[in-house]
Amino acid sequence: MPMPSIDAGLPLKPALQQQTRHWFAVRTVLDAQQRLLLGVGSFALPILVWCLVSYLPFVWHPKMEIRDAGGVDYFQVGMLVDHAQFLEERDNMVAQHLALPRGVPANPIYLPAPHEVALAFVRAFTTPPEQKDQPWLHEALWHSIQVIFWGFLASSLIGIPLGILSGTYAAVGRLNEPFIEFFRYLPAPAFGALAVAVLGIYDGPKIAIIFIGTFFQQVLIVANTTRKLDATLIEAALTLGTRGVRLLTRVVVPGILPDLYRDQRILLGWAWTYLIVAELIGTSTGITFFITQQARYQHFDRVYAAIFMIGVVGFGTDLLLARLGRRLFPWDRSTDQD
Amino acid sequence: MTRPPEDFPLPDYLDQSPAVRARFARIRQREPILEVRGLGKRFHTRQGEVEALRDLNFAVHRREFVCVIGPSGCGKSTLIRILAGLEPHSSGEVLLDGAPVQGPGRDRGMVFQGYSLFPWLTVKENVMFGPEMSGAGRDEAERDALMWLDQVGLTRFADAYPHQLSGGMRQRVAIARALVNQPRILLMDEPFGALDAQTRARMQGHLLDIWRNIDVTVLFITHDLDEAIYLADRILVLKAHPGEVQELIEVPVPRPRSPGQFASVEFRATKARLEALIHPPQEQHDEARLEPEIQPRLIRLTNVNDDVE
Ligand SMILES: Nc1ncnc2c1ncn2[C@@H]1O[C@H](COP(=O)(O)OP(=O)(O)O)[C@@H](O)[C@H]1O
Ligand SMILES: [Mg+2]
């Protein structure tokens with residue numbers, strides 16, 4: 001009997017691949033070059049908009065940066081005033097025959113230009129912080145990462161087993177899921193004051209907020225993922241003589257592992273969104289402390305640099321985990337297009 | 001369905017050649033592996049009670065190949081799931097070697113219609129699963145698995161993952177995975193239903209080869225009449241709503257079977273009988289009856305000279 005080749009069962013990959021590229025064919029599979037191009041484009045587009053707004057004065061620039069105060073007594077060099085206010089004062093000066101103020105159109109202080117943010121980003125790593133007791137950006141970030149790590153780890157250690165049990169045994173699920181459904185509507189930050197009262201003002205309450213924000217979603221999501229496991233696999237295992245705990249350890253857990261891993265990636269993303277609120281609780285720390293400090297001194301370029309840094313770390317971690325996932329689960333077909 | 005005009009009338013499907021009759025006599029001599037007595041099944045659903053099976057009685061003898069056939073929804077899957085112990089029954093009893101079955105067990109192997117291989121295990125590890133569950137050491141399990149992969153001709157793919165195999169190959173692994181446990185009976189629920197015609201034909205031949213060479217009894221569900229006749233010693237014909245035994249047909253086609261027999265008179269006589277049972281001429285097919293009456297009103301939308309026939 002002729003043996004079909006090993007990839008005979010593979011789904012036919014690019015069904016609509018043709019010589020000419022079709023960018024807007026419905027539901028086509030993009031080739032590698034297209035994917036790269038569009039992926040870079042998705043970042044380039046917003047940056048382009050930012051550049052246009054920053055460098056083309058006629059696009060927005062609602063303020064005037066004073067270069068020469070002229071006769072206006074309260075103007076100072078470098079000051080930002082509204083366009084209308086500037087024109088009004090200039091008219092006043094014309095009427096009073098005093099020296100005219102001079103200025104250039106500028107954006108508000110809270111919208112620095114791309115190059116300023118880029119510079120602030122580099123300086124955050126090269127020049128020490130102005131105040132002695134202030135952390136470097138990377139120190140602040142490292143502190144934040146630790147808070148997330150412990151919160152997420154604690155949540156996962158309880159949430160994953162509970163979710164798997166809930167998804168496997170209807171009785172376990174019914175015993176906790178209605179309450180968890182209810183609890184997940186309670187906003188995690190609402191427990192801030194309570195967490196401080198119980199756990200003090202340092203990292204304890206922050207970790208607790210990350211935990212509360214993650215845990216309840218986690219149980220429900222993992223339980224749902226477990227329920228989605230093809231029942232045929234469990235039945236096949238039963239007919240092969242599998243019983244009791246081994247049904248859980250040898251079939252359910254390996255069966256859901258790739259999906260569980262994907263769930264964890266999504267949940268980790270959510271944990272980051274709780275971070276800023278969590279770090280405001282008790283004594284402000286980490287990246288949040290850095291950001292609020294810099295905003296207080298109106299160093300908005302550094303604020304953006306720090307926010308950007310969170311994005312880099314979060315997105316970078318996720319990309320890394322996606323890569324790792326493909327290594328860990330070679331049988332998983334749904335990661336092919338990740 | 002139209003068929004070529006018959007040159008001579010088909011013999012009765014009950015007519016058996018002496019050799020075939022002797023074979024059936026021998027089969028009846030063997031001990032029954034599986035006995036089903038007064039089996040009934042009711043599902044309690046929100047819409048009310050559904051009687052899926054009513055008073056089923058039959059026995060399958062050692063190394064017999066029995067096919068179950070019937071219209072869709074007549075309870076074939078329900079029956080085989082009860083036999084496998086995956087579904088409780090409402091009345092009657094199921095005996096395996098004279099003892100009532102309780103829950104699933106390794107003495108009844110099962111091959112499912114859908115792909116039921118464990119996607120996280122390689123082909124070899126899938127086949128090793130059963131022996132490992134029964135406490136065999138890794139070496140022993142591996143030896144058995146490789147032996148069975150050899151039987152189904154998949155040694156080369158031992159380290160491949162199921163998703164890398166074609167549909168037919170996956171079902172061969174599923175068969176090996178069930179047989180490595182040396183079950184008393186192999187239960188198969190439309191195992192080739194999802195395969196294309198060519199692969200299915202090859203798999204049928206392959207299954208007959210396996211069945212010939214090892215001591216296993218097969219209960220095989222299908223809705224394909226040709227498949228049932230080609231494979232089976234006896235065919236259990238079910239009717240729907242509720243699922244009841246309509247007839248237990250002894251297939252008069254002699255063994256060993258070959259695709260050449262599809263045109264033989266015994267084959268065609270049996271098929272004619274099955275068709276009469278499953279698609280009664282006066283009454284419409286079960287599913288078709290549920291469809292609303294559609295009266296097509298066709299208007300010619302092409303040029304009068306543009307004929308396709
Ligand atoms: N779990 C279930 N709950 C309720 N009704 C069911 C269930 N499984 C099957 N049935 C009903 O039992 C009948 C037989 O189903 P099934 O055994 O799947 O038929 P077949 O395999 O012959 O197509 C159908 O009417 C189906 O709706
Ligand atoms: Mg079925």
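This is a predicted model: local features need pLDDT of at least 70, side-chain atom pairs count only at pLDDT 80 or more; totals for chains, interfaces and linings use all residues.
A polar backbone atom of B:Gly73 is 2.7 Å from an oxygen atom of ligand 1. For B:Gly75, the distance from a polar backbone atom to an oxygen atom of ligand 1 is 3.1 Å. On its own, ligand 1 has 550 Å² of accessible area (Shrake-Rupley method, 1.4 Å probe; for residues, only the protein chains shown count as cover). The protein covers 63% of that area.

## The shell around ligand 1

The shell consists of residues with a heavy atom within 4 Å of the ligand. Its members are B:Phe43, B:Thr45, B:Ala52, B:Ser72, B:Gly73, B:Cys74, B:Gly75, B:Lys76, B:Ser77 and B:Thr78. By class, three are nonpolar, six polar and one charged. Here Ala, Val, Leu, Ile, Met, Phe, Trp, Tyr, Cys and Pro count as nonpolar; Asp, Glu, Lys and Arg as charged; the others, Gly among them, as polar.

Two elements of chain B, β1 (32-45) and α2 (76-84), each supply at least two shell residues. α2(B) gives the most, with three residues. Helices (H or I, at least four residues) and strands (E, at least two) are DSSP runs, numbered from the N terminus.

## Where chain A meets chain B

The contact (heavy atoms within 4.5 Å) takes 29 residues from chain A and 36 residues from chain B. Together the chains bury about 2900 Å², 66% of it on carbon and sulfur atoms. Buried area is the accessible area (1.4 Å probe) lost on putting two parts together, summed over both.

Two salt bridges cross the interface. Each needs a side-chain nitrogen of Lys or Arg within 4 Å of a carboxyl oxygen of Asp or Glu. One of them joins B:Glu132 to A:Arg250, with the closest N and O atoms 2.8 Å apart. On the side of chain A that touches chain B, α8 (231-239) and α9 (245-280) are the elements that give two or more residues. The largest share, seven residues, comes from α8(A). By class, this side of chain A has 16 nonpolar, six polar and seven charged residues.

## Basis of the values

Residues are numbered from 1 along each chain as its sequence is written, chains are lettered from A and ligands numbered from 1 in the order written, and side-chain values use heavy atoms, without hydrogens and water. Local features need pLDDT of at least 70, side-chain atom pairs count only at pLDDT 80 or more, and totals for chains, interfaces and linings use all residues.

Definitions and conventions. A polar contact is a pair of N or O atoms within 3.5 Å; within protein, one must be able to donate a hydrogen and the other to accept it, and residues adjacent in sequence count only if both atoms are side-chain atoms.
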